[in-house]
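Let's walk through this model together, starting with a pair of helices and moving on to the core. Keep the viewer open as you read.

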Amino acid sequence: MAVLLVISIVAVVGLATSTSILVLGPRGPDRFAEATAMQITTLLRLLESHELSRSLPMVLHTAPTNGAAREFSTRMLQRALREAGAQNRLIVTKPDGGDLAVVSVELPGRGWFAVPVLDEPRSIGPWFALASWIGLISAGAVAIALAVAHRVARPLALLEKVASTISQNGQMIVLPEIGPTEVKATACALNRLTASLKVAMESRMRLVAAAGHDLRTPITRMRLRAEFLPDHEQFAWLRDLDELRRIADSSIQLVHEEVEGKRDESVRLDNLVGTVVEELTAASLSIELLDSSPVLIRAAPLAITRVLRNLITNAATHGKSCAVSIEAQPQRAIVVIEDCGPGIPAAVIDQVFEPFFRIDPARQQPIPGAGLGLAIAKEIVGRHDGEIILTNRIAGGLRQEIRFPRYIERQTDARRIPALTA
């Protein structure tokens with residue numbers, strides 16, 4: 001905004017000044033000499049008339065006025081005087097201590113008369129003068145434009161500040177409603193938006209939690225009634241009821257992940273992965289732990305354990321088996337989970353993190369699940385400034401990358417460093 005204002009102001013002033021120079025012409029030594037020569041010519045005509053010269057209070061001197069010679073002005077005026085038709089000799093001098101220069105003009109046979117004029121003008125090109133003028137205008141325009149742009153952009157800066165502070169659960173900071181009118185109006189509108197968003201988020205979470213809670217009672221009653229059904233119908237009813245229960249429990253868990261705050265601490269990611277792999281391997285899942293580089297992250301251990309358990313379980317069940325490795329990069333810690341399953345169709349791979357999303361819309365799959373595991377995992381990882389990236393492997397199967405910012409121990413914690421390098 002400031003640049004646009006400066007460009008527009010300088011362009012208008014520059015165009016107007018250039019037009020004035022082209023129409024009026026430059027104000028240089030030539031113009032100065034012509035005007036002074038015209039005055040001297042008029043005086044010469046008056047002095048050459050004896051009757052008029054007697055009535056003029058003009059003092060004639062026997063020699064030119066003493067002072068420092070102005071050679072450039074003398075040449076310019078002498079030439080201009082001759083072009084005006086007068087052949088009189090003249091000398092331009094600058095008396096000591098004087099503010100004005102003096103033109104001494106010779107009257108042949110009578111003496112010299114003196115005419116005070118401005119001192120010798122500097123020969124400055126018109127375009128140099130224009131450049132200097134534009135420079136001054138630009139300096140003033142920059143100051144004004146920055147002040148105007150700052151005032152206009154303050155509400156936009158508030159928007160940027162609020163946008164950068166939105167938390168994972170939609171909470172925003174409350175802005176002080178002070179300052180100029182437009183800033184106060186913007187802050188007030190943003191605070192109203194924050195309050196409305198908070199109410200909407202809390203209402204949504206209460207609704208989901210209440211629905212999940214209320215589903216448990218009828219599910220329990222239906223399960224009891226299903227026990228009295230014939231054996232050929234009982235299995236299908238119990239399977240569907242188990243799925244409803246998992247959906248209800250996962251919905252409540254997802255709400256808890258949104259409302260609970262982080263309790264971060266320094267944890268060994270490789271140790272968490274190893275613990276989860278041992279636990280799931282004991283549950284008869286085919287999981288292989290490959291490279292395991294020691295690396296620290298700042299996280300809530302229970303939440304990260306839940307993420308690892310969800311994603312590794314998905315890979316080991318849907319992909320029949322999986323391999324897990326840990327990469328310690330300079331800025332990041334990455335858990336890589338690769339399986340040998342069918343992968344995810346490219347058309348829907350960006351939708352798998354949506355709650356209750358199923359690749360098979362009819363839900364006809366032998367593996368149970370509520371469709372909330374990836375949604376919960378993404379919610380947790382996002383709260384730890386990380387990300388989950390899913391890609392299909394060229395050789396077949398799915399590759400899952402869980403990326404966390406790596407935590408570097410401070411020098412004061414040097415006693416814990418050997419545990420990482422062991």
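Helix H8 (residues 269–282) packs against helix H9 (residues 301–318) at an angle of about 50°, and their axes are 10 Å apart. The pair is therefore oblique, a label for angles that are not under 35 degrees (roughly parallel), over 145 (roughly antiparallel) or 65 to 115 (roughly perpendicular). Axes here are lines fitted to C-alpha atoms over the stretch in contact, with angles running from 0 to 180 degrees between N-to-C directions. Helices are DSSP runs (H or I, at least four residues) and strands are runs of E (at least two), numbered from the N terminus.

This is a predicted model, in which local features need pLDDT of at least 70 and side-chain atom pairs count only at pLDDT 80 or more, while totals for chains, interfaces and linings use all residues. Residues are numbered from 1 along each chain as its sequence is written, and side-chain values use heavy atoms, leaving out hydrogens and water.

Now look at the core. The largest nonpolar core has 41 residues, and Leu269, Leu308 and Val324 are among those with the most contacts inside it. Such a core is a set of buried Ala, Val, Leu, Ile, Met, Phe, Trp, Tyr and Cys residues joined through side-chain atoms within 4.5 Å, where buried means under 20% relative accessible area, exposed over 50% and partly exposed in between (1.4 Å probe, protein chains only). H9 gives the largest share, eight residues.

Finally, find Met222 in helix H6 (residues 181–226). Met222 is partly exposed because its relative accessibility is 32%. Its contacts (heavy atoms within 4.5 Å) include Trp237 and Leu241, not counting residues up to four places away in sequence.
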